[in-house]
Amino acid sequence: MNEYDSEILRGLLIKSGFVPVESEESANIVLFNGCSVREHAERRVIGRAGMLRKRKEKDERLKIIGVIGCMAQAHKEKLFGEMPYLDLICGPQHIYKIPEYLSEILAGRGPIVAVDEDKRPADRENHLLRDENIKIKAYITIMEGCNNFCSYCVVPYVRGRETSRPPEMILKEADDLVKRGIREITLLGQNVNSYAKDFNNGYTFSNLLKEVDAISDLKRLKFVTSHPKDADEQMFKAMFKLPTVCEFLHLPIQSGSDEILKSMNRKYTRDDYLRKIDIARRYMPEGAISTDIIVGYPNESDDDFKETLNVLKQVKYDTAYVFKYSPRPHTAASKMEDNVPQKVKEERNQILLNLQRDISRKNNEKYLNKKLGVLVEGFSDKCDKLLVGKTRTGKTVVFEGPQVLIGKIVEVRVHGTNASTLLGNWKKI
Ligand code: SAH
Ligand code: SF4
């Protein structure tokens, strides 16, 4: 979400006459688009901004330091407590006003705090405001906010209630992006399965998938995130039938223990979840499935943790994103005692990561000697001779090839694998 907001903001700022610079050192304005979902990310923003503050004291070219995004919304003016030098604190609802705010601050009318709970004007989210550098894949937000109130999660408090964007607007944006050369679109929402429920007219997320899929020249369509309580067979069927929709499902379980799931207010049991996985696999036997897991949630016992380990072994995810629990402002869980010691959180985190690495490595071996369609995204950061791309199932593939392949879907034969990457050969035919 924040990445997508940064894309919009970058485009907006360029349109308003601001010029992007290559490095932080040469910037007059530095804005941190901070995520409030976990404490760790916030700490990093505070650390990085603190270093800049020292430069600001000596270097008068650095005029504005701001924190924007849901981190700003979560803490509001309180951020001045830790970061008294900030010139701008701006929540995600007010992103469209940032060029105006920056001009005000430059004219000496700062600092500015913009954190009212207004709704974000959905009809102004136009890709034309975006960065022209986005050439191969793009995100489109289909809905804002969340109604689920999982006990640990700050999102409903910083992004408000679920509001779906009208399908016509999403389709227009997708169509324009594809005309501009975008090959892959990812639809974004905190719980895409409840897309359009607020319209009360029978339109569903599956209907939207069908309409976006029909855009000619779109090659790949992905989406995140599906909530297990709402992901239904209709959606798996749509994924299976629609040619552009990729065989990739991110279905966060969070914990394998029913007791913890209940305390998290997730509204499904471990067995409900596993049944959905079975249905998904029936429609996409070759598909990839990923998940999110929180370790060290209040009162998580060794037995609860074992249940989570069992789910990992049973589902054999392609990827599992593991997070150590941190209490977040406003949330129900923050009123509970954060009683799993940091050391235990670290241990559980490590155990899960090791187990998942083995599972991912094994899963990837099945691609050996297979030919896969790869959307080429660019040269590798590590070696500029190697191209990097993604399969429909989200696997990263690295191979040698010429620059002209960037942006194309090419066939690559896999000759090596590890837990995170497939190594391949491409040959001109
Ligand atoms: N809407 C998505 C998730 C959004 S937040 C969903 O429901 O799946 C992304 C992930 O951050 C969550 O899935 C969860 O695993 C993690 N997360 C959220 N709050 C957290 C907290 N307080 N501590 C640790 N991890 C958290
Ligand atoms: Fe947070 Fe739960 Fe909503 Fe996901 S579904 S954004 S975890 S409250």
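1. Pro 111 sits in the loop that runs between helix 5 (98-106) and strand 4. The model is a predicted one, and in it the peptide bond joining Gly 110 to Pro 111 is cis, with omega at about -10°.

2. Thr 225 belongs to the loop between strand 9 (220-224) and helix 9 (233-241).

3. Ala 196 also deserves a look. Its phi is positive, about 75°, although Ala 196 is not a glycine. The residue is found in the loop between strand 8 (184-188) and helix 8 (205-213). As background, most residues other than glycine have a negative phi, and most peptide bonds are trans.

4. One residue pair to find on screen is Val 67 with its bridge partner in strand 3, Ile 89.

5. Where does ligand 1 lie? Domain 2 (135-246) and domain 3 (254-365) both contribute residues to its shell, so ligand 1 lies between them. There are 15 residues around ligand 1, and those that come nearest are Arg 38, Gln 190, Gln 254, Asp 292 and Ser 326. Strand 11 (288-295) and strand 12 (319-324) supply at least two shell residues each. By class, the shell has six nonpolar, four polar and five charged residues.

6. Some distances to ligand 1 can be listed. A polar side-chain atom of Asp 292 is 2.6 Å from an oxygen atom of the ligand. A side-chain N or O atom of Arg 266 is 3.3 Å from an oxygen atom of ligand 1. For Ser 326, a backbone N or O atom lies 2.8 Å from a nitrogen atom of ligand 1. Taken alone, ligand 1 exposes 540 Å², and the protein buries 91% of that.

7. Ligand 2 has its own shell. The residues around ligand 2 include Cys 146, Cys 150, Cys 153, Gln 190, His 227 and Arg 266. This shell divides into seven nonpolar residues, three polar and one charged.

Note on methods: Residues numbered from 1 in each chain as written. Chains lettered and ligands numbered in written order. Predicted model: local features only at pLDDT ≥ 70, side-chain atom pairs only at ≥ 80, totals over all residues. Heavy atoms only, no water. Near = heavy atom within 4 Å. Polar contact = N/O pair within 3.5 Å; in protein donor to acceptor, adjacent residues only side chain to side chain. Areas by Shrake-Rupley, 256 points an atom, 1.4 Å probe, with all protein chains shown as cover. Helix = DSSP H or I, 4+ residues; strand = E, 2+ residues; numbered from the N terminus. Nonpolar A, V, L, I, M, F, W, Y, C, P; charged D, E, K, R; others polar. Domains from an automatic or database assignment. Pairing = 2+ DSSP bridges.
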